[in-house]
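I set out to record what I looked up in this model. The entries follow in the order in which I made them.

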Amino acid sequence: MNEFQIKKSDIEYDAIIVGSGAGGGMAGYVLANAGQKVLMLEAGAYFDPRLDAQQLKWPWESPRRGAGTVRPFGDFDAAYGGWELEGEPYTQKNNSDFAWFRSRMLGGRTNHWGRISLRMGPHDFKCKDGLTDDWPITYADIKPFYDKVDRLIGIYGTVEGIENEPDGIFMAPPKPRLNELFIKKAAQKTGVKVIPGRGSVLTEALPGNKDRAPCFYCGQCGRSCKVYGDFSSSSCLVIPAIKTGNLTVITNAMVREVLTGKDGHATGVSYVDKIDLQEHQVRAKVVILGASACESARLLLNSKSVAHPNGLANSSNVVGRYLHDSTGASLRGFLPQLMDRKRYNEDGVGSVHIYSPWWLDNKKLDFPRGYHIEYGGGMGMPGYGFGWGIENMNGKVPGKDGKMKEAGGYGAALKDDYRRFFGSSIGMAGRGTAIAKASNYCEIDPGVVDKYGIPVLRFNYKWANEEIKQAKHMQETFQEMFHAMGGIVTSAIHGPENNYGLEAPGKIIHEVGTVRMGDDPKKSALNKWCQAHDCKNLFVVDAAPFVQQGDKNATWTILALSMRTAEYILSQKKKLNIS
Amino acid sequence: MNRRESLKAIGLTAISTAVLLEACKPGAATKEETAGTVKDAAQPGREAFEIERDKNLHATQFFTEHELATITVLADMIIPADTKSGSASEAKVPDFIEFIVKDIPRYQTPMRGGLKWLDLQCLNRYQKNFREASPAQQTEMADDIAYPDKVKPGMQQGVAFFSLMRDLTASGFFTTEMGIKDLGYLGNVPNKWAGVPADVLQQYGMEDV
């Protein structure tokens with residue numbers, strides 16, 4: 001008896017959106033508010049920060065005290081999933097070590113992200129060094145959308161007038177913490193630029209928005225916010241879009257492929273319900289992919305048909321190629337001046353209070369492009385890992401009696417050391433531009449499927465000298481900064497043996513570029529509206545369309561691009577062969 | 001603090017009550033919720049497999065009674081009671097260590113083997129295992145493995161074990177209510193961050209930075 005059946009829906013939606021993160025959420029928000037009937041398919045569970053955030057929990061409310069055993073960023077972190085998902089493998093080629101972070105949940109990774117909201121600058125879209133391909137759009141093209149995103153979602157920062165670090169429409173930034181004042185002072189000595197942070201956290205009421213309340217300074221944005229005080233796609237885009245009555249969300253819907261008709265146009269998608277494993281087909285006039293850069297590439301490559309034998313939107317053969325993640329390297333240490341600090345509530349916001357935009361001239365350097373620096377520290381809530389490695393600290397500074405102590409130890413004196421060091425540590429992390437290359441890619445592994453029978457991705461990725469030299473420069477800068485503050489470095493000083501601490505690709509979770517835009521259909525999959533050259537009613541709205549990422553975190557650009565694409569879809573509706 | 005209490009705490013600040021009232025309303029989620037999330041109702045925001053995993057970890061026992069008793073002695077040597085707060089065992093640190101080695105299995109062999117190493121050392125030295133050795137003998141033993149920079153040959157394995165034991169004890173202690181009070185951490189409550197207090201700015205000469 002054959003019970004295998006595919007359920008086909010009779011409804012034809014105006015649009016189907018795959019994925020509910022920053023890109024999918026924004027497209028859904030714009031289209032639903034314009035009266036379009038939209039179906040959103042999310043591969044994970046429903047998640048509403050108001051109900052589901054672990055915000056304000058104490059460490060003892062977790063048996064592992066917030067350790068990252070199950071969730072890589074800790075038990076209270078909002079992101080479901082992580083680098084590995086049960087039954088959903090990915091593979092590597094040529095000894096690659098690409099790490100792919102997936103959050104299957106409403107809002108995706110925007111529920112836990114750092115809320116660091118930077119615009120890419122004019123030279124990120126049109127490069128000055130000729131090293132990488134230009135975007136088919138300029139900063140001027142996208143600026144109005146950045147502006148609208150700023151107003152719609154809310155962002156703090158300061159107007160600085162830095163050419164390639166464009167200003168936005170800012171709320172007041174949070175004031176620096178004490179350790180951040182030390183960093184600012186050290187930066188004056190070292191010539192590193194430090195400016196107030198730029199984050200999507202409401203430091204003021206958002207005009208015209210009654211659903212979101214301003215930040216109450218618990219510093220826990222990573223857990224997502226019960227009062228919607230920061231940006232998550234779930235709280236700020238998808239849930240409001242559902243309220244219009246025009247957006248239907250189906251959760252636990254793992255999309256298998258994009259369906260196309262004989263004429264090559266997209267007709268809908270097929271998906272498997274992860275709970276009952278029922279197969280479904282749903283139809284729409286427009287299909288929009290916002291499944292994440294790598295997942296959208298996977299979907300296109302798995303959508304082969306007579307009209308699209310090389311995978312959908314892939315006659316150029318670029319889908320999966322030009323994959324790039326930000327570079328990342330870090331250093332940790334402590335400031336002896338901050339020992340025995342006076343206690344006060346220093347939680348602040350959960351995004352950065354200060355940061356360093358790229359400040360140097362590449363003509364004087366041996367690597368192209370640059371990086372920004374994010375700083376950490378303060379009297380934060382203790383969690384799993386508190387006090388770890390005290391033997392690397394307490395032998396390096398005199399005790400209260402002025403005498404040096406033997407590192408390590410135990411007993412009352414050690415117990416007091418933990419108190420003394422509380423709030424004295426400082427972290428620095430660089431996030432830099434990786435060069436997009438055709439030779440760094442993801443492709444379909446011909447021999448492996450996931451538990452739903454969907455062929456999985458295989459990664460091929462190598463860091464080049466450009467990125468390694470950048471990491472070396474980060475390490476040198478961080479050490480200079482520590483030296484200028486009189487700080488003591490406690491983390492390992494990395495050298496050439498491990499690429500100066502350059503993180504494995506994918507670890508910074510800014511992966512982009514796999515379905516890139518361009519004017520030339522032979523060299524790009526999408527046109528300047530993120531519309532497939534080969535399939536006019538197919539769009540991609542996550543980070544896959546990025547031609548070349550700057551050192552800026554991807555989210556604000558995803559939001560602006562997605563809004564721009566959604567508005568384009570509305571304006572072009574009649575021309576899209578929509579019956 | 002449970003969810004209702006935490007929301008009540010948020011309510012004490014100047015946040016719009018409409019938002020809060022809605023936040024407290026059950027069932028504000030949409031119809032699209034599926035079976036997977038309904039099962040999670042008892043623990044919002046956690047996946048079913050996580051809840052199941054914790055349940056299974058709690059249902060098993062890793063350490064023997066003797067091992068746990070030894071851990072208790074060591075934990076209290078590392079963090080004893082003083083005028084400010086109680087001891088590691090008063091903060092139930094041994095229970096935390098029992099859980100965490102099940103949660104992070106890579107600690108199991110270093111902990112079990114380290115405890116055995118310690119007992120063997122003490123048997124050779126004092127003809128008693130660590131737990132039954134006199135306080136003076138326990139101190140003598142600990143002094144040989146608590147200071148990584150002046151470790152004697154043959155004691156390195158003991159140093160590695162003691163360092164792990166010290167880390168787990170510190171993490172276990174300072175993440176309890178007792179430990180956090182001791183540290184003086186004052187956050188995790190709704191507030192208005194207005195920058196470093198004036199007296200602190202003055203203390204560090206940071207008024208103009």
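I count two residues as in contact if their C-beta atoms, placed from the backbone, lie within 7 Å. This is a predicted model, in which local features need pLDDT of at least 70 and side-chain atom pairs count only at pLDDT 80 or more, while totals for chains, interfaces and linings use all residues. Residues are numbered from 1 along each chain as its sequence is written, and chains are lettered from A and ligands numbered from 1 in the order in which they are written.

**Entry 1: cores.** I looked up the neighbours of A:Ile288, leaving out residues up to four places away in sequence, and found A:Ala15, A:Ile16, A:Ile17, A:Ala27, A:Phe539 and A:Val541. I then turned to nonpolar cores, each a set of buried Ala, Val, Leu, Ile, Met, Phe, Trp, Tyr and Cys residues joined through C-beta atoms within 7 Å; buried requires 20 or more other C-beta atoms within 10 Å of the residue's own. The largest core has 129 residues, and the members touching the most others are A:Ile16, A:Val269, A:Val287 and A:Ile288. Helix 10 of chain A (residues 555-572) gives this core its largest share, eight residues. I noted a second, separate core of 77 residues, which includes A:Leu331, A:Met428, B:Leu74 and B:Ala91.

**Entry 2: chain contact.** How many residues does each chain bring to the contact? I read 73 residues from chain A and 68 residues from chain B. On the side of chain A that touches chain B, helix 8 of chain A supplies the largest share, five residues. I take helices (H or I, at least four residues) and strands (E, at least two) as DSSP runs, numbered from the N terminus.

**Entry 3: helix packing.** I found helix 5 and helix 9 (residues 465-485) of chain A packed at an angle of about 110°, with axes 8 Å apart. Helix 5 of chain A is therefore roughly perpendicular to helix 9 of chain A, a term that covers 65 to 115 degrees. Among the residues making this contact are A:Phe182 and A:Ile183 of helix 5 and A:Glu480 and A:Met481 of helix 9.

**Entry 4: sheet.** I recorded an open sheet of three strands of chain A in the order 3-14-13, with mixed pairing; strands pair if DSSP finds at least two bridges between them. Strand 13 and strand 14 (residues 455-460) of chain A run antiparallel and are joined by five bridges. A:Tyr441 stands opposite A:Asn460 in strand 14 of chain A.

Note on methods. Axes fitted to C-alpha atoms, helices over the stretch in contact; angles between N-to-C directions. Parallel < 35°, antiparallel > 145°, perpendicular 65-115°, else oblique. Buried ≥ 20, exposed ≤ 12 C-beta atoms within 10 Å, placed from the backbone.
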